[in-house]
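I opened this one to see how the chain is put together. These are my notes, in the order I looked things up.

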Amino acid sequence: MKNLKKVIFVGKRATCREPMAMALLQREDLRNSVDVEAKGLVVLFPEPMNPKAEEVLAGYGIAMPGYRANPLTPEDFSEDTLILTFHRDLIEKVMEMEGAQNVYVLTEVTGDELEIIDPYGGDMIQYEICMETLNNTIHKLAECLNTMEAQCTPGWEQAD
């Protein structure tokens, strides 16, 4: 992928893992500036972040006042935008959208074997486990974005 300008984390509602991942990537030290967003496939109105996700982020010193979920739209797709989902089933749904391109599972990009669990509806321990896993995975993603080396999924690394 050439000249990456935006990373969008996509989930069903964009009220839990997606804003958590967005906040974590925003605080990583990236060589090239990229916009980072969170979007959902089923967002009927601008819903706030899940309170448990907000609480877990606060434990990492991250506050996202005013965050509201927004839907993924065909206008979000472009050659310089990387779309990351949390599991393979979502890729199929995203790829049905007009103009869909550059869509990958986050953990496949970072080389992790397991997908990031969805803590939605779970207790605080599940949210904390999700956050810890996300923190490690997002750090690997930042390394991939900074180096664009073979450790990352072939096909999206920056062209020479």
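This is a predicted model: local features need pLDDT of at least 70, side-chain atom pairs count only at pLDDT 80 or more; totals for chains, interfaces and linings use all residues.

**Entry 1: N102.** One of its polar atoms lies 3.3 Å from the backbone oxygen of E79. The N102 side chain also reaches the backbone oxygen of T81, at 3.3 Å. I then looked up where N102 sits: in the loop between helix 3 (88–95) and strand 4.

**Entry 2: D76.** Next I checked another loop residue. D76 is placed between helix 2 and strand 3. Is D76 buried or exposed? Its relative accessible area is 8%, and the cut-off for buried is under 20%. So D76 counts as buried.

I listed the polar partners of the D76 side chain. It makes a polar contact of 3.1 Å with the side chain of K39. A polar atom of the D76 side chain also lies 2.8 Å from the backbone nitrogen of T73. Leaving out residues up to four places away in sequence, D76 touches I8, E37, K39, P71, T81 and I83.

Entry 3: Four of them form an open sheet in the order 2-1-3-4, with parallel pairing. Strand 2 (35–40) and strand 4 (103–105) are the edges, each pairing on one side only. Ignoring direction, neighbouring strands are turned by 25 degrees against each other on average.

Then I went through the pairings of strand 1. Strand 1 (residues 6–11) and strand 3 (residues 81–85) pair in the parallel sense over five bridges. V7 has L82 as its bridge partner in strand 3. Strand 1 and strand 2 also run parallel, joined by six bridges. On that side, F9 has A38 of strand 2 as its bridge partner.

How many residues of strand 1 are buried? Six of the six are, so strand 1 is largely enclosed by the rest of the structure. I noted the side-chain directions too. K6, I8 and V10 point one way from strand 1, while V7, F9 and G11 point the other way. All of these are buried.

I checked what covers the sheet here. Helix 1 (residues 17–26) lies across strand 1 and strand 2. Helix 1 runs at about 175 degrees to strand 2.

Entry 4: Nonpolar side chains tend to be buried together in soluble globular proteins. The largest nonpolar core has 39 residues, among which F9, L25 and L134 touch the most other members. At least two residues each come from strand 1, helix 1, strand 2, helix 2 (51–59), strand 3, helix 4 and helix 5. Which element gives the most to this core? Helix 5 does, with eight residues.

Beyond its neighbours within four places in sequence, L134 is in contact with R17, M20, A21, L24, F86, L106 and I116. There is also a second, separate core of 11 residues, which includes V10, I83, V94 and V105.

**Entry 5: E115.** I went back to the loops. E115 lies between helix 4 (106–110) and helix 5 (124–147). Its relative accessible area is 39%, so E115 is partly exposed. Which residues does E115 touch, not counting those up to four places away in sequence? They are F86, H87, R88 and T107.

I looked at two of these more closely. E115 and H87 are 28 residues apart in sequence, yet 6.2 Å apart in space, C-alpha to C-alpha. For R88, the backbone nitrogen lies 3.4 Å from a polar atom of the E115 side chain.

**Entry 6: the whole chain.** Last, I stepped back. The chain holds five helices and four strands. From the N terminus on, the elements run β-α-β-α-β-α-β-α-α. The radius of gyration is 15 Å, close to the 15 Å that the globule rule gives for 160 residues, so the chain is as compact as a globular protein of that length. Along the principal axes, the C-alpha atoms fill a box of roughly 45 × 30 × 25 Å.

Of the 160 residues, 49% count as buried. Among contacts between residues at least 6 apart in sequence, 70% join residues at least 24 apart.

Notes. Residues are numbered from 1 along each chain as its sequence is written. Side-chain values use heavy atoms; hydrogens and water are left out. Buried means under 20% relative accessible area, exposed over 50%, partly exposed in between (1.4 Å probe, protein chains only). Contact means heavy atoms within 4.5 Å. A polar contact is a pair of N or O atoms within 3.5 Å; within protein, one must be able to donate a hydrogen and the other to accept it, and residues adjacent in sequence count only if both atoms are side-chain atoms. Two strands pair if DSSP finds at least two bridges between them. Axes are lines fitted to C-alpha atoms, for helices over the stretch in contact, and angles run from 0 to 180 degrees between N-to-C directions. A nonpolar core is a set of buried Ala, Val, Leu, Ile, Met, Phe, Trp, Tyr and Cys residues joined through side-chain atoms within 4.5 Å. The radius of gyration is taken over C-alpha atoms; the globule rule is 2.2 Å times the number of residues to the power 0.38.
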